Amino acid sequence: MKINQVAEVAGYLWQKGWAERNGGNITVNVTELVDAGMRALPALSEPKAIGAVLPRLQGCWFYCKGTQKRMRDLARDPMGNGSLIRITDDCAHYEIVADAPVAPTSELPSHLSVHDWLLAQGSPCRASLHTHPIELVALTHARKWMEKDAATRMLWSMIPETKAFCSRGLGMVPYLLPSSVALAEATIRTLAEGYDVVMWEKHGVFAVDTDIMSAFDQVDVLNKAAQIYIAARNMGFEPEGMSDAQMRELSDAFGLPK
Ligand code: 13P
Ligand code: ZN
């Protein structure tokens with residue numbers, strides 16, 4: 001069941017040190033699981049504005065982490081630290097339906113805008129994850145790694161699995177106010193450029209995938225590569241990185257995009 005998987009991932013985020021206090025958020029489009037009985041449930045809240053009009057989300061249902069709720073609490077009680085919401089017919093508001101009126105994450109504009117965009121693309125992705133992985137966030141404090149594809153190339157070259165599992169790389173979004181519609185729009189623009197995962201400068205990552213475990217795996221793989229880079233630097237040398245020829249060989253062997 002999807003909510004159990006969300007709780008499992010929330011526990012990993014805490015264990016990794018990526019979820020201080022209420023840091024990070026998760027949403028899952030659960031519309032396909034909603035039955036007639038659930039559809040008949042009354043709203044627990046007044047309709048609240050999303051901040052954007054998202055036409056493909058009409059009538060869709062989402063599990064959302066609650067704003068100001070902790071991942072470590074969500075891990076043992078997902079419905080006490082998150083809620084189910086449904087989008088109203090005007091596509092601009094949501095109402096909370098279950099289990100309790102827990103207000104959804106402040107990053108809802110980014111999450112819902114991305115879900116709307118995914119549906120428009122015909123994408124099978126239904127889960128989105130925002131988290132604060134230490135080493136990836138640290139990289140964004142240097143201009144060098146914010147340059148287009150510089151971090152992607154470095155991370156891919158640290159260990160072959162990075163390109164194998166994040167073959168379209170990490171897109172960089174310059175700093176924008178957390179929870180803003182501008183951040184939501186920049187996130188979609190970056191996903192539309194074809195990247196797997198989006199990096200929010202000096203803040204965190206945003207990943208989408210078919211389910212929340214796979215979204216977590218993408219961030220885990222990228223952050224592992226960043227840790228290898230930093231471990232080498234801490235040992236006093238610049239890591240060599242895999243060569244261009246080795247990267248080409250890997251791409252050919254696994255049919256990865258060039
Ligand atoms: P919420 O507690 O509202 O989900 O915010 C956490 C966060 O990481 C904001 O970027
Ligand atoms: Zn955040």
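**Ground rules.** I am working on a predicted model, where local features need pLDDT of at least 70, side-chain atom pairs count only at pLDDT 80 or more, and totals for chains, interfaces and linings use all residues. Residues are numbered from 1 along each chain as its sequence is written, while chains are lettered from A and ligands numbered from 1 in the order in which they are written.

For contacts (C-beta atoms, placed from the backbone, within 7 Å), I find 13 residues of domain 1 against 11 residues of domain 2. On the domain 1 side, α1 (2-16) and β1 (25-29) are the elements that give two or more residues. α1 gives the most, with four residues. I numbered helices (H or I, at least four residues) and strands (E, at least two) as DSSP runs from the N terminus. By class, that side of domain 1 has seven nonpolar residues, five polar and one charged. My classes: Ala, Val, Leu, Ile, Met, Phe, Trp, Tyr, Cys and Pro are nonpolar, Asp, Glu, Lys and Arg charged, and the others, Gly among them, polar.

**Ligand 1.** Which residues are around ligand 1? I list Asn22, Gly23, Gly24, Asn25, Lys65, Thr67, Gln68, Thr105, Ser106, Glu107, His130 and Pro178, with near meaning a C-beta atom, placed from the backbone, within 6 Å of the molecule. The shell divides into one nonpolar, nine polar and two charged residues.

I count strands as paired if DSSP finds at least two bridges between them. β2 (residues 48-49) is joined to β5 (residues 93-98) by two bridges, antiparallel, and Ala49 sits opposite His93 there. β4 (residues 82-87) also runs antiparallel to β5, over four bridges, with Arg86 facing Glu95. The β4-β5 hairpin has five residues between its strands, and Cys91 takes a positive phi near 65°.

**Around β8.** Buried means 20 or more other C-beta atoms within 10 Å of the residue's own, exposed 12 or fewer, partly exposed in between, with C-beta atoms placed from the backbone. β7 (residues 170-173) runs parallel to β8 over four bridges, and Val173 stands opposite Trp200. From β7 the chain goes through helix α9 (residues 181-192) to β8 in a right-handed β-α-β crossover; that is, with the strands pointing away from me, the path from the first strand over the helix to the second runs clockwise. On to β9 (residues 204-209): β8 pairs with β9 in the antiparallel sense, four bridges, and Val198 has Phe206 as its bridge partner. The β8-β9 hairpin has three residues between the strands, and Lys202 in the turn has a positive phi of about 55°.

**Pro257.** I found Pro257 in the segment after α11 (244-254). Why does Pro257 count as exposed? Because it has 9 C-beta neighbours inside 10 Å. Leaving out residues up to four places away in sequence, Pro257 touches Ser167 and Arg168. I also checked Phe216, 41 residues from Pro257 along the chain: their C-alpha atoms are 22 Å apart.

Definitions and conventions: Two residues are in contact if their C-beta atoms, placed from the backbone, lie within 7 Å.
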